[in-house]
Amino acid sequence: MSQSITFQVQPGGSLRGEIRVPGDKSMSHRSIMLGSIAEGVTHVRGFLNAEDAMSTLEAFRAMGVEIEGPVNGEVTIHGVGKHGLKAPTKPLYLGNSGTSMRLLSGLLAGQSFDCTLTGDKSLESRPMKRVTVPLAQMGAVIETQENGTAPLHIKGQAGKLKGMHYDMPIASAQVKSCLLLAGMYAQGETSVTEPAPTRDHTERMLNGFGYPVVREGSAAKIDSNGKLTATEIDVPSDISSAAFFLVGASIAADSDVTLKHVGINPTRTGVIDILRLMGANIEVLNQREVGGEPVADLRVRSAPLKGIDIPEHLVPLAIDEFPVLFVAAACAEGQTVLTGAEELRVKESDRIQVMADGLQILGVNAQPTKDGMVVQGGGNIGGGEVDSHGDHRIAMSFSIAGLRASAPITIKDCANVNTSFPEFRQLATQLGLNLSTL
Ligand SMILES: O=C(O)C1=C[C@@H](OP(=O)(O)O)[C@@H](O)[C@H](O)C1
Ligand SMILES: C=C(OP(=O)(O)O)C(=O)O
């Protein structure tokens, strides 16, 4: 991540056509992690070839795993088994990826070697105590910076971790997954309860590799007796990437977009529920099951949106989609209120503040609150220069805002779009967005 990229979007237009957005980021990370510690050769299709998922892939290569690809989304992982990872010779650099750092801290806590996890400026400012504190209760030894941030120095505690029950104070799939992965190396049972449902790709994929994870009410339970057997993984398109076009085609007149082969795991579809509550016209077509995950084609057409109070139970199910949902709110008739979403303040940027600042520059009445935002919709979206603060989802959200703007929008600091969706500009342009780089 080096060169600075500025996007400029010309106002107006509509989105029309059929596309397939790239592979799911959460599942791509997990396919590498689990494939690496499985026995045998795992083949992955639909892998996301973007910086975040590549950070995970390179980390496992650095721990001695032979991984071929990605070539056209295909990756072949020569699994080394649960105890086959080797000490990396230098710190594992995880770029911008919170998922890589939090899940790896759990997976590496019980290994027979030490290692250090580092990241870029954004990642090294994100909270890690949410994983290091419960891991310490299991016997992990992880040094952080004074305020609990990375670099993380992990002293491998092979054979010494103990399973425990953990009641998660926040609804976080990263914390849950971290502890389940640590639980694979701990004595006895590890169980994690969540205050609200969060994405369950770790549990599903572990089961796909033949490693038992039991779900009991709001708890997921694992122990160290299982074994991972190599498998075939078909990663569907990322609904978090599709979300930009779900909103774009809803707000732009005369739009009709079909998004092919999108993962519609019910722990990820909050964005569809929220947009439908706002009046969006989204059809879920051709539903099928692919490799243990539900998949569908999504057809979305222009519709007049109305402001709503977003139900709090939908927040974890749409957690990465709020930047673009704020754009939908700005285009809706009436007021939209988001509460219960303080987690947005500790993502790649403070997504509440950064979106409110940018929307205000464009003339939208968007008031940040401690745990959400109040957006008055229906007014004019003007042009201007906004800053994404190096956050991929902010950069793409303001690009979509251009569809309803009255003048060009310039978006600074967009190189990080490459962390999750390198093809964004090309696919958005193909559908009809007038987006260029300066
Ligand atoms: O487990 C995952 O793959 C993710 C979980 C979410 O984070 P939290 O667990 O911090 O909510 C999400 O924001 C992130 O993009 C990916
Ligand atoms: C929050 C995100 O990812 P991560 O936590 O993995 O950096 C995201 O992709 O929006």
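Colleague: Which residues are around ligand 2?

Modeller: Residues are numbered from 1 along each chain as its sequence is written, while chains are lettered from A and ligands numbered from 1 in the order in which they are written. This is a predicted model, in which local features need pLDDT of at least 70, side-chain atom pairs count only at pLDDT 80 or more, and totals for chains, interfaces and linings use all residues. A residue is taken as near a molecule if its C-beta atom, placed from the backbone, lies within 6 Å of it. The residues around ligand 2 are then K25, D52, N96, S97, G98, T99, D320, K347, E348, R393 and S420.

Colleague: How do the residues of the shell around ligand 2 divide by class?

Modeller: Ala, Val, Leu, Ile, Met, Phe, Trp, Tyr, Cys and Pro count as nonpolar, Asp, Glu, Lys and Arg as charged, and the others, Gly among them, as polar. On that scheme the shell around ligand 2 has no nonpolar residues, five polar and six charged.

Colleague: Which domains supply the shell around ligand 2?

Modeller: The domain bounds come from an automatic or database domain assignment. At least three residues of the shell around ligand 2 are drawn from each of domain 1 (7–23 + 236–437) and domain 2 (25–234).

Colleague: Why does ligand 1 lie between the domains?

Modeller: The shell around ligand 1 consists of S26, T99, S172, A173, Q174, S177, R199, I319, D320 and E343. Ligand 1 lies between the domains because residues of its shell come from both domain 1 and domain 2.

Colleague: Which helix gives the most to the shell around ligand 1?

Modeller: Helices here are DSSP runs of H or I with at least four residues, strands are runs of E with at least two, and both are numbered from the N terminus. By class, the shell around ligand 1 has two nonpolar, five polar and three charged residues. With three residues in that shell, the greatest contributor is helix α5 (residues 173–183).

Colleague: Is D320 buried or exposed?

Modeller: UniProt, in an unreviewed entry, places the feature "active site" at D320; its positions are given in the numbering used here, feature names are shortened, and annotations may be inferred rather than shown by experiment. D320 lies in the loop between β17 and α9 and, leaving aside neighbours within four places in sequence, is in contact with S240 and R393. A residue is buried if 20 or more other C-beta atoms lie within 10 Å of its own, exposed if 12 or fewer, and partly exposed in between, with C-beta atoms placed from the backbone. As 24 other C-beta atoms lie within 10 Å, D320 is buried.

Colleague: With which residues is E321 in contact, leaving aside its neighbours within four places in sequence?

Modeller: E321 belongs to the loop between β17 (293–301) and α9 (322–331). E321 is buried, because 26 other C-beta atoms lie within 10 Å. Its contacts, with those sequence neighbours left aside, are S240, A243, G270 and V271.

Colleague: At which residues does UniProt place the feature "binding site"?

Modeller: Among the residues so annotated, S172 lies in the loop between β10 (165–167) and α5 and counts as buried with 22 C-beta neighbours inside 10 Å. Another is K347, in the loop between β18 (335–338) and α10 (351–361), which is buried with 20 C-beta neighbours inside 10 Å. The unreviewed UniProt entry gives K25, S26, R30, S172, Q174, D320 and K347.

Colleague: What covers the buried residues of α6?

Modeller: Six of the eight residues of helix α6 (residues 201–208) are buried, so the helix is largely enclosed by the rest of the structure. These are H201, T202, E203, M205, L206 and G208. Their cover includes α1 (25–36), α5, β12 (214–216) and β13 (219–222).

Methods: Contact = placed C-beta atoms within 7 Å.
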